[in-house]
Amino acid sequence: METNELNWDAVYAHEAPRIYNYFRFRLGQDSDVEELTARTFERAWRSRSRYRRDLAGFATWLFKIAQNIGTDYLRARREHLPLDAALEVTTDVTPERDAEQRSNLKRLALLCAALPERERELVALKYGAVINNRAIAQLTGLTESNVGTILHRVVQTLRDQW
Amino acid sequence: MKNEPNDDFLQRLRADPSKKFLSTLKANLDRQAISQVKARRTLFRTAILAALIGGSAVAVAFAVLRGSPARTVVRMASIGPAQPAASKMAAERSGGGAPKSIVSPSQGGVPPPPMVPPVTAAPAEPAAQQSSALFVVAGPTAIILNAQGIARTWMPPASKKQPEFNLTSSTEALAMLCHTHPGTTAAGSADIAGASRRILPSELEHCRSNGVTHLAEIQSGYETVVLARSKLYGAPKLSARDIFLALAAEVPDPNRPQGLIKNPYRTWSAVDSSLLEERIEVLGPPLSSATAAAFRQTLMEAGCTTFPWLAALKQTDSQRFEKVCRTLRDDGVYREWSGRLQEHLETYPNALALFDYREAAAKPETLAAASIDGVEPNIDTIVAESYAGSRAMFVYVNIERVRGNPAMFSFVDGFRRSVDESWSITTLVAPPRQANARKYMAPLQEMKF
């Protein structure tokens with residue numbers, strides 16, 4: 001199928017909120033989310049002639065780009081972590097004690113901070129981007145059943161701490 | 001069945017982006033699309049003009065080149081005194097054409113005669129005798145890997161004596177074959193030499209003067225490299241010049257004729273304004289690998305020689321030529337791949353990876369190899385030698401040594417069969433098998449250049 005058969009307006013309307021929420025969940029904050037969403041679409045837009053619909057679902061392709069941008073952003077943020085943020089990370093403030101004073105998104109970020117990177121990514125893809133387990137498996141290289149198992153355990157853990 | 005945990009608290013965290021953000025971003029993307037269309041129109045007009053000019057040039061070149069004889073694939077050369085082959089060969093080469101009057105497989109040929117040459121001169125002491133090996137093979141990596149594979153497949157079961165394989169450059173290997181290597185010691189001689197180029201007339205003369213009077217030349221295949229990216233993004237279209245400018249350590253200074261500067265290019269559009277503004281990123285095997293070496297000597301060199309003053313260096317200052325044309329930048333734009341390469345390529349539309357052709361061709365469902373100067377890498381373009389990322393590999397056998405050395409006979413016969421039967425054990429692309437073709441190992445006296 002030719003690239004130009006994609007209805008890009010419809011694609012944008014459908015995917016932009018998902019990408020936006022993927023970054024919100026991934027970053028655990030609202031700041032910079034718009035910037036990263038814009039960056040994702042601009043990169044996809046520039047490369048859209050290369051997208052082959054017969055080879056990969058559009059969402060898979062788009063989220064690969066988003067994952068890449070998110071990873072770069074988080075890596076840069078780790079490398080240039082502001083002092084106050086660094087102190088926050090290293091204090092003994094427990095999520096339970098501090099959660100009530102923070103927004104729910106911040107609370108999620110704090111809870112997720114204790115999770116391995118892979119599990120944080122799964123939560124962002126599942127609940128931020130609303131991607132099904134099969135597509136998540138494609139994006140992460142895990143099996144579909146493995147994705148389901150990990151998410152089940154992670155959600156249970158988060159639920160217990162919420 | 002598992003009890004699904006209550007995930008409402010996660011579902012509720014989703015939020016819609018602001019309408020203002022969505023509309024602003026969409027407007028930016030639409031503007032970007034319009035400017036790309038304009039750029040494409042300009043490029044199209046330029047291409048039409050270039051095609052008109054280039055077409056005339058191609059027509060003239062074709063008229064000049066037509067009539068050039070087809071190349072041979074396998075042949076045997078006599079360089080004995082009765083046959084002044086080398087000088088004739090030199091004369092042919094100076095004329096710029098391929099050797100004439102060589103019976104090639106496509107021309108019919110004759111059945112291969114026994115590989116027992118007439119003795120026309122007292123041979124030098126065999127390398128194998130000096131080194132206590134069955135025989136000695138020297139050459140670049142691709143040849144040695146191939147030779148080792150063939151030895152394992154075609155030679156009799158292991159005995160106390162084994163062939164010796166010396167990894168070295170083409171020039172060194174040919175010098176070892178002709179015993180012109182400094183100090184003709186066991187380590188300095190070879191019975192079989194591999195090379196990524198044909199033997200030079202001057203090297204043939206050296207052989208003859210050292211009593212190595214009968215050589216067989218086998219074109220053993222093509223060492224071919226490709227730059228590829230994930231098939232998600234389609235096959236890149238690059239020129240050899242783009243690749244050189246993107247990856248060389250030093251590039252011509254646009255502001256200073258015949259000057260060089262440290263490579264400043266970070267994006268493909270900086271290299272060539274018709275390319276996308278994407279970061280240059282090439283992943284590849286270690287620089288010491290055969291694939292990286294072949295890349296430097298094919299694609300990089302092809303791009304380098306598009307600058308006439310750099311091409312001229314090949315004749316006037318070969319050391320500088322090699323340094324400029326074959327040195328990759330070390331600022332991280334080219335880096336060795338490490339794990340999850342495919343995933344990386346799928347994630348980064350701009351990322352390219354360097355592969356041996358066979359490796360890339362084995363993954364057509366995931367990789368798309370770049371066309372270079374409009375030529376896609378495939379068997380046809382490789383054999384036609386129109387694809388810039390490929391080079392023919394040759395093996396030269398001192399056939400004096402084959403007499404009375406059954407192991408070496410088996411080895412050479414195996415090598416020949418690997419060409420005949422159009423397969424190659426390791427990384428070389430074998431020439432395609434031709435219907436009713438007979439690989440030609442000519443009686444020495446009949447060999448004409």
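Student: Which residue stands opposite B:Leu354 in strand 11 of chain B?

Tutor: In this predicted model, B:Leu227 is the residue opposite B:Leu354. A strand here is a DSSP run of E with at least two residues, a helix is a run of H or I with at least four, and both are numbered from the N terminus.

Student: Why is strand 11 of chain B called largely enclosed?

Tutor: A residue is buried if 20 or more other C-beta atoms lie within 10 Å of its own, exposed if 12 or fewer do, and partly exposed in between, with C-beta atoms placed from the backbone. Six of the six residues of strand 11 (residues 351-356) are buried, so the rest of the structure largely encloses this strand. B:Ala351, B:Ala353 and B:Phe355 point one way, B:Leu352, B:Leu354 and B:Asp356 point the other way, and all are buried.

Student: How do you know whether B:Glu385 is buried or exposed?

Tutor: The count of other C-beta atoms within 10 Å of B:Glu385 is 12, so this residue is exposed. B:Glu385 lies in the loop between helix 15 (379-383) and strand 14 (390-398) of chain B.

Student: Why are helix 8 and helix 9 of chain A called roughly perpendicular?

Tutor: Axes are lines fitted to C-alpha atoms over the stretch in contact, and angles between N-to-C directions run from 0 to 180 degrees. Under 35 degrees is roughly parallel, over 145 roughly antiparallel, 65 to 115 roughly perpendicular, and the rest oblique. Helix 8 (residues 133-140) and helix 9 (residues 144-161) of chain A pack at about 105°, with axes 8 Å apart. Helix 8 is therefore roughly perpendicular to helix 9.

Student: What makes the contact between helix 8 and helix 9 of chain A?

Tutor: Residues are in contact if their C-beta atoms, placed from the backbone, lie within 7 Å. Helix 8 contributes A:Asn133, A:Arg134, A:Ile136, A:Ala137 and A:Thr140, while helix 9 contributes A:Glu144, A:Val147 and A:Gly148.

Student: How do you know how helix 7 and helix 9 of chain A are oriented to each other?

Tutor: Their axes come within 10 Å and cross at roughly 95°, so these two helices are also roughly perpendicular to each other. A:Glu119, A:Leu122, A:Val123 and A:Lys126 of helix 7 meet A:Val147, A:Ile150, A:Leu151 and A:Val154 of helix 9.

Student: What makes up chain A as a whole?

Tutor: Chain A has nine helices and zero strands. Of its 162 residues, 35% count as buried.

Student: How do you know which helix of chain B gives the most to the side that touches chain A?

Tutor: The contact takes 29 residues from chain B and 34 from chain A. On the chain B side, helix 2 gives the most, with seven residues.

Student: How do you know how confident the predictor is in chain B?

Tutor: The pLDDT, its confidence in each residue from 0 to 100, averages 72 in chain B, and 66% of the residues score at least 70. Over residues 430-449 of chain B, the pLDDT stays under 50. Where pLDDT is low, the predicted coordinates should not be read in detail. The model scores ipTM 0.77 and pTM 0.50.

Student: What makes up the conventions used here?

Tutor: Residues are numbered from 1 along each chain as its sequence is written, and chains are lettered from A and ligands numbered from 1 in the order in which they are written. In this predicted model, local features need pLDDT of at least 70, side-chain atom pairs count only at pLDDT 80 or more, and totals for chains, interfaces and linings use all residues.

Conventions: Contact = placed C-beta atoms within 7 Å. Pairing = 2+ DSSP bridges.
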